[in-house]
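Please look over the sequence and the model shown below before reading on.

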Protein chains: 2
Amino acid sequence: MTLNTVSPLGALLDPIREDLAQVEAEIRRMSTSPAPEMRALLDHVGRFSGKRLRPALTLVAGRMFGPLRPEHATVGAIVELIHTATLVHDDILDESALRRNIETVNRRVGNETAVLLGDYLFATCFKEAAALEDRFASRYLAEIVAIVCRGEILQVHRRNDIDLTEETYFRIIEDKTAALYAAALRCGAEIAHAPQEASRALAEYGLRIGIAFQIIDDILDLTGEEATVGKSLGTDLEKAKMTLPLLRLRERANARDRERLRRVLLSGDRGERDSILPLLREYGAIASARETAEALVEEARRELRRVPDGPERALLFAAADYVLARDR
Amino acid sequence: MTLNTVSPLGALLDPIREDLAQVEAEIRRMSTSPAPEMRALLDHVGRFSGKRLRPALTLVAGRMFGPLRPEHATVGAIVELIHTATLVHDDILDESALRRNIETVNRRVGNETAVLLGDYLFATCFKEAAALEDRFASRYLAEIVAIVCRGEILQVHRRNDIDLTEETYFRIIEDKTAALYAAALRCGAEIAHAPQEASRALAEYGLRIGIAFQIIDDILDLTGEEATVGKSLGTDLEKAKMTLPLLRLRERANARDRERLRRVLLSGDRGERDSILPLLREYGAIASARETAEALVEEARRELRRVPDGPERALLFAAADYVLARDR
């Protein structure tokens, strides 16, 4: 699959650039501190700034039900900083040295400060959420963070488990990845006092594109080009994580090839990516995982029938397509 | 100093045993999960259960202004679980294997799960705080956790800094230790709708006994018996942390002894405790640090003039004395 030189994400975000600028201002406000050593750390973390997909979803969900309120930018910033905090902790777990071509916090200042900085960012998020007049985000987002952690713990717990079921795989990625997408949308809708049916439909849409997003991530970890994706690949093999393409391979392979998969997984060698890739293609395991992601995106699109028609809904259709089109 | 065989803390907690049982019930409720792998981790963490000093302060502060509300037990449990979450993360930072003679989470299930479990506990605390009708705890406790993290980050940042000022030392321990004591008391008072002057006085009292508590901890790390204190000692020297006794030694020592302190500190060898101890005694550095703790406890007692007289105030006087009397 080739990609346009114009980023499909850029097209998606252009209509809400001004609102996203408010989110950026809120992120900056939350990332300041009178203590110089804190400021240096927060400035460094600010350089990881990613695609801002989650706050974009908060804003789009909010605009669907009327003019945005100031709380939308605040909650968008909180959702993004929750994501940042999980990344800071994930980089410790993965012993990563680089993120978006910038030194990770753990590499720069050590694991201890990285653990504490992640905690500080979480606490800042909850402080900001608690300060909002509307209580929804505060009550809901803390629960979502607990769910994200539970998903990650289950994933660590099930490493080296070649017999992982698809049910457990989906439970893990729904918790660790998709729950925060759903929350980004739901908060946007709730702050706008959206009708419950529409608010729930947006959360369901978010859950499905979130799961699809993670499946594509898992595929890219096996098939992507590092230069394009912009991060180390093969890390799931290195960490002996059974992802959907590997589950589909296990299901389809003959006894000999299944044994080969087992050896590759347990070797913890991400260089083995090259040896497993032909197998994945031969058995159609990549294609099968991709079809599942496509089916989830289709389900997500169907959820949008229950939300108001208009330019915001069109953006959410485009976001669903982006999830499948992205190569990084 | 010799100690009674009857624990002075036991005498302090006896009058509120029934209320503390409610706190225990709340901690158990917050430590359950439908996911079996989470349950196993939460059960393990439950075995660390400590002296429950912080929730005891919440309860005593609450009872000072009328019958306790159910929220008091909930907030007491939250404060204790915040403390537990910081311990789970601290044990990773310190690479500790044992806490209260039980395997630490990091030793038992690895650093990755320990980081995530700490995050899960923090999120659970904020979720429970956000669910309370009274908004004070939710707004206040997230800020306190950010302050605790800031204090710990500053402490890591200033390791190996033999020129640390006393001002910075006090800022660190006020943030990392005393702020949570102050919060435990303040939350208890606020949930009871205490008058502002009394609520603030209790927070000031908490801040001062918290700082004194940490100074005594820092002294015990240099002078205590491991069998009595129940944890590894000399860890501040190992981590090259300048604590108050060491600051007082630096201030008083002649050039040769100051140089010796510098070498011991930078050696990162906790076995050097024995070589520095005679110096600390010779220059009166331990006694000087202890006098500062005593003066802080005296200030704390003076704050209690601004709170209602009665059995609860008597308990807080006893708690202040306990801070100085404890040998572990």
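Is the crossing of H14(A) and H15(A) left-handed or right-handed?

## A helix pair in chain A

The crossing of H14(A) and H15(A) is left-handed, a word used if the near helix is turned anticlockwise from the far one by less than a right angle, with right-handed for clockwise. The contact of this pair is made by Asp257(A), Arg260(A), Leu261(A) and Val264(A) on the side of H14(A), and by Ser275(A), Ile276(A) and Leu279(A) on the side of H15(A). Helix H14 (residues 255-267) and helix H15 (residues 273-282) of chain A pack at an angle of about 150°, and their axes are 11 Å apart.

For H14(A), 13 residues at 1.5 Å a residue should span 18 Å, and the end C-alpha atoms are 18 Å apart, which agrees; the expected span is 1.5 Å times one less than the number of residues. After H14(A) comes Gly268(A), with a positive phi near 60°.

## Basis of the model

This is a predicted model, in which local features need pLDDT of at least 70 and side-chain atom pairs count only at pLDDT 80 or more, while totals for chains, interfaces and linings use all residues. Residues are numbered from 1 along each chain as its sequence is written, and chains are lettered from A and ligands numbered from 1 in the order in which they are written. Helices (H or I, at least four residues) and strands (E, at least two) are DSSP runs, numbered from the N terminus.

## The contact of chains A and B

Chain A gives 33 residues to the contact and chain B gives 33 residues, where two residues are in contact if their C-beta atoms, placed from the backbone, lie within 7 Å. On the side of chain A that touches chain B, H7(A) gives the most, with 14 residues.

The same surface serves both copies, as 100% of the contact residues of chain A recur in chain B.

## Confidence

Chain A has a mean pLDDT (the predictor's confidence in each residue, from 0 to 100) of 91, and 95% of its residues reach 70 or more. Residues 1-6 of chain A have a pLDDT below 50, and this stretch has two contacts in the model beyond near neighbours in sequence. For the complex, the predictor gives an ipTM of 0.93 and a pTM of 0.93.

Technical notes: Axes fitted to C-alpha atoms, helices over the stretch in contact; angles between N-to-C directions.
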